[in-house]
Amino acid sequence: TYNVGVFTKYVSDGSYQMIADMMTEGKADLVGISELDSCTVRTGRVFQLKKFAELMGKEWSYEYSRAMAYQGGAYGDGIASREKPVRAFAAPLPKGDGAEPRVMVVVEFEKYVFATTHLDHTSAAAQRDQVAVINRVMRERYAEASKPVFLGGDLNALPDSGTLRALQEAWTVLTPTDGGTYPSHDPKKCIDYILQLDNGVSCETAGARVLHRFEAGDAARASDHLPVLLEIRLPAES
């Protein structure tokens, strides 16, 4: 999971290639991405998720959903993956007294489900309202599923926050919470996570870490967040 800061947080002409090279170096099979522009004026009318997926490789698929209209295009979240999904959908999240609307993007594959979101950054009450929708939607769809379900994103909430406690009513955090993910140049706050839905399907965590260093690029320049990596061994087929 990675908040890429619309690929222009620190690199004016875009950190697309740098981030694609970093994700390739990290051997990513899927990247859940927060802060994506689609054809906005501020980022040169680029459909950012499509451009990123193409840089990852011709076999990569992508699924984007806008959280809101912005500067002639849209602003939202998305998922790029090596494997083609069997289905995908988006769930709008309430703005409440927060700064702006948010969205959750969900892709389902043959053996697992991955969702990504970006919670409000100004209001804990808005975050909890958004979490309530996430928990309800994902439980309704996947509480009885026979495949594991994951949620990644920039949750704008610390590990001991009410937002994380509300999420943990339905999910288990799988990635580290004892190290920072933001800001990338001096990461003191853990606000980016990957979690698994508590639907009774177990799978083995082979590795989980915040990525700080790459041969392919400078994580402190690529975005204001650091990427979070989760390696999973999926349940064996019966």
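Me: How many disulfides does the structure hold?
Reply: This is a predicted model, and the structure holds zero disulfides. As background, a disulfide is a covalent bond between the sulfur atoms of two cysteines. Cys190, for instance, is in no disulfide, and the nearest cysteine sulfur, which belongs to Cys203, is 20 Å away.

Me: Is Cys190 buried or exposed?
Reply: Cys190 has a relative accessible area of 3%, and because buried means under 20%, it counts as buried.

Me: Let's switch to strands. Where is E6, and how many of its residues are buried?
Reply: Strand E6 covers residues 102–108, and seven of its seven residues are buried, so that the strand is described as mostly covered.

Me: Which residues sit on which side of E6?
Reply: Arg102, Met104, Val106 and Glu108 are on one side, while Val103, Val105 and Val107 are on the other, and both faces are covered.

Me: Which strand is joined to E6 by seven bridges?
Reply: That is strand E5, residues 87–93, which runs antiparallel to E6, and within this pairing Ala90 stands opposite Val105 of E6.

Me: How does E7 pair with E6?
Reply: Strand E7, residues 113–118, pairs with E6 in the antiparallel sense over five bridges, with Val107 standing opposite Phe114 in E7. E6 and E7 form a hairpin that has four residues between the two strands.

Me: I noticed Arg102 in E6. Why does it count as buried?
Reply: Arg102 has a relative accessibility of 3%, and because the cut-off for buried is under 20%, Arg102 falls in that class.

Me: What does its side chain reach?
Reply: The side chains of Arg102 and His118 are joined by a polar contact of 2.7 Å. Leaving aside neighbours within four places in sequence, Arg102 is also in contact with a list of residues including Ala67, Tyr75, Pro92, Asp120 and Gln130.

Me: How many residues does H3 have, and what does it reach from end to end?
Reply: Helix H3, residues 124–142, has 19 residues and reaches 26 Å from its first C-alpha to its last, which is close to the 27 Å expected at 1.5 Å a residue.

Me: What caps its N-terminal end?
Reply: Ser123 caps that end of H3, with a side-chain oxygen that lies 3.3 Å from the backbone nitrogen of Ala125.

Me: Which strands are joined to E10 by bridges?
Reply: Strand E8, residues 149–154, pairs with E10 in the antiparallel sense over five bridges, and there Leu151 stands opposite Leu195. Strand E9, residues 171–173, also runs antiparallel to E10 and is joined to it by three bridges, where the bridge partner of Thr172 is Gln196.

How values were computed
Residues numbered from 1 in each chain as written. Predicted model: local features only at pLDDT ≥ 70, side-chain atom pairs only at ≥ 80, totals over all residues. Heavy atoms only, no water. Pairing = 2+ DSSP bridges. Expected span 1.5 Å × (residues − 1). Polar contact = N/O pair within 3.5 Å; in protein donor to acceptor, adjacent residues only side chain to side chain. Buried < 20%, exposed > 50% of the residue type's maximum accessible area, 1.4 Å probe, protein only. Disulfide = S-S within 2.5 Å. Contact = heavy atoms within 4.5 Å.
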